[in-house]
Amino acid sequence: MKDRNWQRFILKNTTFILFVLLFLIFGILAPRFLSFKNLEIILSNSSYIGIIAVGMTFVLLTGGIDLSVGSTMYLSAVSSGTLIAAGWPIAPTIAVSLLIGIAMGYVNALIITRLKIVPFLATLVTMTVGRGMGLFVTKSVQVDFPDSITLMSTVKVFGFIPLQIFIFGLVVILAMVFLRLTKSGRQLYAVGNDPLAAERAGIQTRPLITSTYVISGFFAALGGFISITQIGRVSAGFGSGDEFDAIAAAVLGGASLMGGVGSVFPGTVLGTVMIQMIQAGLVYTAVDIYLHPIVMSLIIFFAVLLDSVRTGQLKKMERRTIMKITS
Amino acid sequence: MKKILIFAIVAALIAPAVFANGGSDKADDGITIAFCFQDLETEFWVAGHSAITNTLEAQGIKVIEKNANEDANRQLEQVKDVIVQGVDGVIIIPQDGESAVTIAKECNSAGVPIGVFNRPPADKSADALVVVANNEAIAEQAVEYIAQEAMKLGRKVTPAIMVGDLGDPNAVGRRKGFYNVIDKYPDLWTGAPIEIPTKWDSNTALANLQSAMQANPDIDFLFTSSDFLYPVIKSVLAPLGKWQKIGDDSHILLAGLDGDKTACSLQKDGYVDATGVQDVYAEAQMLLDAMLAAIEKGEKTPNEWLYDDGFALTQANMGEREMDMWGCKILAGE
């Protein structure tokens, strides 16, 4: 019985155990890797993509996908840069860029829920259009941000938490509370598992799905803003490919592309931080840069494989338990 | 009815962007050249783009512009499209070396001369007019200056390089030039250089530079394969107290490559020691001269590689050569 409990504990926490193992391996190979400062750097650099990945988790839970987050990041960042250059104060500028994120999300939702176009195609269109709009505004020229924006990344909340980590933490807590403690949160899982059954059970699926794309758009804009406080410049490629990093983080954290399965914490957070940790670990251990993509992909593949095996094992164990109880 | 209304709203929202990229591109009777670029992510490409379009338009040549938005397949389709429109020549800034070969072969089989600007094809299997900066030589010149400065310190120096996208021949050439100098003075360095992958992406560069500085706090020479990464470098070094001017004990020897206005400004302010400069205007002129000569002669598949050997703008030659750097010209014009 004790053995079974251990087995269940290990199976339920495979991703976390792998995370700790990797952290220790990198730490043994490069002792500085185990420092508190390194952990702070990893978390800080995970923040912007983590925020976007949280939004992506909401969408994935309903069985959807949002390919437009990278373009939303770009469009909202370009807008804020343009407004700042025009002399707007920072607060309304941030508000406008977040509103653009919400608007992009709402357009996605309209196309998906009203025109019944599949999320992959709908968000592929808005991905292209969003970037096209940004490029139209900038004419592909990079937008530089003043020191007042870049200095935000050095702000410490309560004197010790970097602003970007604080915002990431706040987003995670809010998302967790929504998914675990609210009726709408639980209904999202139901919609993702079986939309027809959910509708028959009286769940209003359309507003729920709409809200996930709006949340995703909002978090994409917020993540984009966090990113510009760190890098201070938006070039034409800003955000390009980040949609795949966000999806990878959520899936690595256990979210299913088929919907109905996934969590923000520890799931998506762990996925995001793990990707960043591997990237940092490869730099710390001075692995040949030509090998970085191979090592990175192999570790991620191994993690996803492990997750798939453990899901199968857990299902088997649960089935055995149910059979025992019923017999 | 409701669906139609929503469709109309969505269409109205996306129409401006769609039509902004569209428009009629029909060629007329004079010479028409299509200029297909992958994007203009950095100041260098923006300067290259305006150098090419301005020079062509000044000579009364019609230019059809196509932006592929970093999509190699889209660029291939755009080139096929302009070939059908009957252009006299095609100039491309390709997404990468591989797609440059494919596009050049497409132009070869259509009998349309093609020029490739500053991102060379991965191999020479297709005929093309290629103008390319000698990245290896330019990087070498900038790093050589740093080596000379390092010798004056009277101690060993820990070098690091921010490497670009390894699929881009420019990034590979710059890395090679950096290593040529490192290998030339083996006793000058504390050990093998620390390599920091950037994939030409600011966020990746930020994360990896932070990790590299944390893992190797003794780095005191940093070479960036592109000037566009300077804001990232500043945001990493400043909190560590290492974003200091030349002469300060905490100054990190800094060199980059491109020659943009940020590099010019930082070099003038004393933060950057040397910049490998590509002469973007001369490169544009070289390519256009070769292309127009080929069109005049009726050559369908001209094949020639033209090199820009560039130079290094250093703290020592700032006085004489500052205005030879394109970024300084832009800065002076602002």
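Predicted model: local features only at pLDDT ≥ 70, side-chain atom pairs only at ≥ 80, totals over all residues.
Colleague: Which residue follows helix 4 of chain A, with a positive phi?

Modeller: Residues are numbered from 1 along each chain as its sequence is written, while chains are lettered from A and ligands numbered from 1 in the order in which they are written. Helices (H or I, at least four residues) and strands (E, at least two) are DSSP runs, numbered from the N terminus. After helix 4 of chain A comes a residue with a phi near 95°, and that residue is Gly87(A).

Colleague: How far apart are the end C-alpha atoms of helix 4 of chain A?

Modeller: The expected span of a helix is 1.5 Å times one less than its number of residues. Helix 4 of chain A covers residues 69-85, so its 17 residues should span 24 Å. The model agrees, with the end C-alpha atoms separated by 24 Å.

Colleague: How many of the residues of helix 4 of chain A are buried?

Modeller: A residue is buried if 20 or more other C-beta atoms lie within 10 Å of its own, exposed if 12 or fewer, and partly exposed in between, with C-beta atoms placed from the backbone. Helix 4 of chain A is largely enclosed by the rest of the structure, because the number of its 17 residues that are buried is 14.

Colleague: Which residue comes just after helix 11 of chain A?

Modeller: Helix 11 of chain A (residues 205-231) has 27 residues, which should span 39 Å, and its end C-alpha atoms are 39 Å apart, which agrees. This helix is largely enclosed by the rest of the structure, because 22 of the 27 residues are buried. Just after helix 11 of chain A, a positive phi of about 70° is taken by Gly232(A).

Colleague: Which helix of chain B gives the most to the side that touches chain A?

Modeller: Two residues are in contact if their C-beta atoms, placed from the backbone, lie within 7 Å. In those terms, 39 residues of chain B are in contact with 41 residues of chain A. At least two residues of this side of chain B come from each of helix 1 (2-20), helix 2 (43-58), strand 7 (194-197), helix 7 (202-215) and helix 8 (230-237). With ten residues, the element of chain B that gives the most is helix 7.

Colleague: Which strands are the edges of the parallel sheet of chain B?

Modeller: Two strands pair if DSSP finds at least two bridges between them. Six strands of chain B form an open sheet with parallel pairing, in the order 2-1-3-4-5-11. Those that pair on one side only are strand 2 (62-67) and strand 11 (304-308) of chain B.

Colleague: At what angle does helix 10 of chain B run to strand 5 of chain B?

Modeller: Axes are lines fitted to C-alpha atoms, for helices over the stretch in contact, and angles run from 0 to 180 degrees between N-to-C directions. Helix 10 (residues 280-297) of chain B lies across strand 3, strand 4, strand 5 (129-133) and strand 11, and its angle to strand 5 is about 170°.

Colleague: Which residue of strand 9 of chain B is the bridge partner of Phe221(B)?

Modeller: Strand 8 (residues 221-224) and strand 9 (residues 253-258) of chain B run parallel and are joined by three bridges. They belong to an open sheet of six strands with mixed pairing, in the order 7-6-8-9-10-12. The partner of Phe221(B) in strand 9 is Leu253(B).

Colleague: Is Leu253(B) buried or exposed?

Modeller: Leu253(B) touches Ile146(B), Val157(B) and Asp273(B), among others, not counting residues up to four places away in sequence. Because Leu253(B) has 22 C-beta neighbours inside 10 Å, it counts as buried.

Colleague: What ipTM does the predictor give the complex?

Modeller: Chain B has a mean pLDDT of 88, and 91% of its residues reach 70 or more. Over residues 16-28 of chain B the pLDDT is below 50. For the complex, the predictor gives a pTM of 0.82 and an ipTM of 0.84.

Notes: pLDDT = per-residue confidence, 0-100.
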